[in-house]
Amino acid sequence: MEKRISNLNDEFDLGLFIKVVKNNIAWIILFFIIAFLMAFLYLRYTYPIYSAKAVIQIQQKNDQTNVLQVKDYSVKTDLPSKIELLKSPVFLDTVFSKLPLDASYYQIGNVLNFEMYKTSPFEIEYRNQINELNNVPVYFSFTDEKNVNINANVNNIERTFRIQTEKWVRLPIIDSLIVHVKNYDKIRKDMKGVNEYPYYVIFSRKENLVRQYSSTLEISVENEAAGTIEIYCNERNAAKASNIVNTLVEEFKKYDIAKQSESADNTIKFVDNQLKIFYDKLYDSEVELQNFKTTNKLNDDTPLPDFSNRINDLEKQLNDLQLQESSLKIIEQAISENENMDIYKLISLLSGVRQESVLESFLKELRKLIFKKQDILYSRTKNSNLISVIDYQIDVQRKLIYETIKANLSDIYNKKIEIEDRILSYEDEIKRSALSFDRIEFIRLQILNNINQGYYNKLVEIKSQLSISNAGITSENRLLEASTTPTVPFFPSQRIVVLSALIGWIIVSLALIVIRYLFHNEITSMKEIFKHISVPMLGIVPNYRDTIPISQLLVDKKPKSIIAESLRSIRSNLEFLSTSEGPKVLAITSTISGEGKTFVALNLAGIIAFSEKKVIILDLDMRKPKIHVGFGVPNDKGMSTILINRNSIEDCIFKSSLNNLDFITAGPVPPNPSELIISAKMVEVINELKKKYDLIVIDNPPIGLVTDGIKIIKMADYPVYVFRENFSKRNFVQNVKKLINDNNINNLSIIVNSVDIKRSGYGYSGVYDYDYGYGYGYGFGYYDEDIRRDKFNLKEFFKNLISK
């Protein structure tokens, strides 16, 4: 079974590809214009979005604690918790409340409206809520510097008011309002425009600002190792975007400092309370000691008993134990009563306490859990599962601290009992040594005063350290890159839009070219014919670039033209096809109408008639006759009336303007043209005409549509099949193969009509080589006039481009 000819181009032909590009150059240019027009309109009518950026670095800095060589009590947190804080509604509400975002001022432009952030020529103050005007445009028009018209559509009712500037007024749509004029020269200039109301203001409730503007923020980690966070704000107004970012950074630094100082302030407050308590105790002990000295007339030089030094040493040890006991109780009370207590500040109270390092690690872990809970509460509720887990961990940590303190207090208690027993034994020795009771009381008062004085001094020292440390606290955030007002919009990007338009144009144009190339089913060269069939090539007929006249007969008007010469070559090639003597029949057909078989028949008959041979043309295309139109005669009689014996042959023969060239028209369209053509009468007519003419040229109907002309093709001496370049489809070659194989028409030859000689680059040779003829081209001799006329003309090129 023969392989069917594909309708798609499955091989690449550079010449065909270039031809397809040239044929579609108008579409390519149109696509280019459309693509960049769309890009221009998109850039023109899309609101620009500006992106402001700032970069902050999270770090610890406490110079005073480093100088004093005290422990750093500042809180360490990770970057994700800082980002969650920056995104938290509570913090953003603080930031947005610092900015003039509750009233947005806009100016109506010719294409787009733009916001006048901090550049408005007037300013509005209002009191109370603006519920009805929330997100409703309120239009302003100034008649002069002291009067302004206000227009608003509230609840689908348009309201207009005329008020005076610089005066508080009450309106039905707003409780109290005042308009301040800041730059009337600009207002006067803007009022000269085409808009009656050149300005409008959109009011926003302050409680809605977080929801309205939080979506414009993008906060993320830039470099985790460096501890940097990048903050973006995308807004239509460049100055507003930059102002929001810078305000957010400044408020974050203030918030960070305040948060760090809060714990230190709580600890200092606790130490102050302890100082008041011990100050009273110290005062009482000093008063009591001084009264004892006054009563007993003692002074600082009064000698003490021999056992006094031993008792003093024991009292010092007892004093240290009491200090440790007091410190532990203070810590125990602090972590149980005040969850916000800065436990790192209490670490200084652990000095000299047994298991100091263990308690210090427990306290640090507890503080870490407490601050973790505080950070999470910015984004979670108190009832969330995560908060419950952290509360459980805090309780466990507190129990560990309680148990450790309890063990230490028990140990201190035992040691105190032991020391007190030893002191009592020494006191007994003193009594046995006849030491007076007053001297013993003096020693007791003196020791008690020393204890109170030592503990009070220690609290004063701790407070001093805490105060200096608190004064040295700075923000953990260092601004690495401050936001500047962007000058180029982040969106839409002109470069990306233009590049997208260019890529889109290229893709669409390539798609068009590729599709047109793949589906270019027309025959463009003889290679496409010879690839599938092997038949004699009778010749080519060049493309006629001017308008073909109605008669379609050109050889009599331009006998020296390229077309005339090509037909002479075909006439010479006919002699090689048949060398027998006598009259001949030349039957011409094609696949469909429009391939030029009638044009070829008329002009080939005319060129043969020039050679002094008698030629007659028969129009057998009875369904669509054209011969009578070409010669300008009526079609009331012809082949159809001859074949039904209504008219004789002699009655239907017409003389043309050329000598030796006659023709018979098709006649009236019969209801049964096929039966007439294949009838015996048709054979009789041809035989009769052979007696008077050397060549009978028959214009057959296209066999791709009807099979009327197959019988005539079979009986013809010169059966000719016409293809038209860039018109005939490739699968038309299948009809030729079928005609040869099924009907045994082995002497069939081919003529290619409307060949573009300029595209080929040469005449019959090269692409159009064939078996018969000389294969010479044009471009010399007396045919130069036709070639010269086809030279490139820039004006004609653009004229043809516009027409396409």
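Biologist: How many bridges join strand β20 to β21?

Modeller: In this predicted model, strand β20 covers residues 718–724 and runs parallel to β21. The number of bridges that join β20 to β21 is five.

Biologist: Which residue of β21 is the bridge partner of proline 542?

Modeller: Strand β14 (residues 537–542) also runs parallel to β21, and five bridges join the two. Strand β21 itself spans residues 749–755, and seven of its seven residues are buried. The bridge partner of proline 542 in β21 is valine 755.

Biologist: How many residues has the largest nonpolar core?

Modeller: Among the residues with the most contacts inside this core are Ile529, Met639 and Leu689. Leaving aside neighbours within four places in sequence, leucine 689 is in contact with Ile616, Leu618, Ile649, Ile653, Ile664 and Ile696. A second, separate core of 37 residues includes Val555, Ala564, Leu586 and Ala605. The largest core has 48 residues.

Biologist: Is valine 514 buried, partly exposed or exposed?

Modeller: Valine 514 is placed in helix α14 (residues 494–518). It belongs to a nonpolar surface patch that also includes Leu8, Leu499 and Phe519, with about 940 Å² of accessible area together. Because its relative accessible area of 39% lies between the limits of 20% and 50%, valine 514 is partly exposed.

Biologist: Which residue meets glutamate 115 in a salt bridge?

Modeller: The structure holds 18 salt bridges. In this one, the N to O distance is 2.7 Å. The pair links distant parts of the chain, 125 residues apart, with glutamate 115 in strand β3 and its partner in helix α8. Both residues are buried, and the partner of glutamate 115 is lysine 240.

Biologist: Of lysine 254 and glutamate 251, which is buried?

Modeller: These two residues lie in helix α8, three residues apart, about one turn of the helix, and their side chains meet in a salt bridge of 3.9 Å, N to O. Lysine 254 has a relative accessible area of 52%, and therefore counts as exposed. With a relative accessibility of 11%, which is under 20%, the buried residue is glutamate 251.

Biologist: What is the relative accessible area of serine 242?

Modeller: Serine 242 lies in helix α8, which covers residues 238–296. Leaving aside neighbours within four places in sequence, serine 242 is in contact with Ala52, Ser483, Thr484, Thr485 and Pro486. Serine 242 is buried, and its relative accessible area is 5%.

Notes. Residues are numbered from 1 along each chain as its sequence is written. This is a predicted model: local features need pLDDT of at least 70, side-chain atom pairs count only at pLDDT 80 or more; totals for chains, interfaces and linings use all residues. Side-chain values use heavy atoms; hydrogens and water are left out. A nonpolar core is a set of buried Ala, Val, Leu, Ile, Met, Phe, Trp, Tyr and Cys residues joined through side-chain atoms within 4.5 Å. Buried means under 20% relative accessible area, exposed over 50%, partly exposed in between (1.4 Å probe, protein chains only). Contact means heavy atoms within 4.5 Å. Patches are made of residues with over 30% relative accessible area and no salt bridge: like charges are joined within 9 Å, nonpolar side chains (Val, Leu, Ile, Met, Phe, Trp, Tyr) within 5 Å. Accessible areas come from the Shrake-Rupley method with a 1.4 Å probe; for residues, only the protein chains shown count as cover. A salt bridge is a side-chain nitrogen of Lys or Arg within 4 Å of a carboxyl oxygen of Asp or Glu. Helices (H or I, at least four residues) and strands (E, at least two) are DSSP runs, numbered from the N terminus. Two strands pair if DSSP finds at least two bridges between them.
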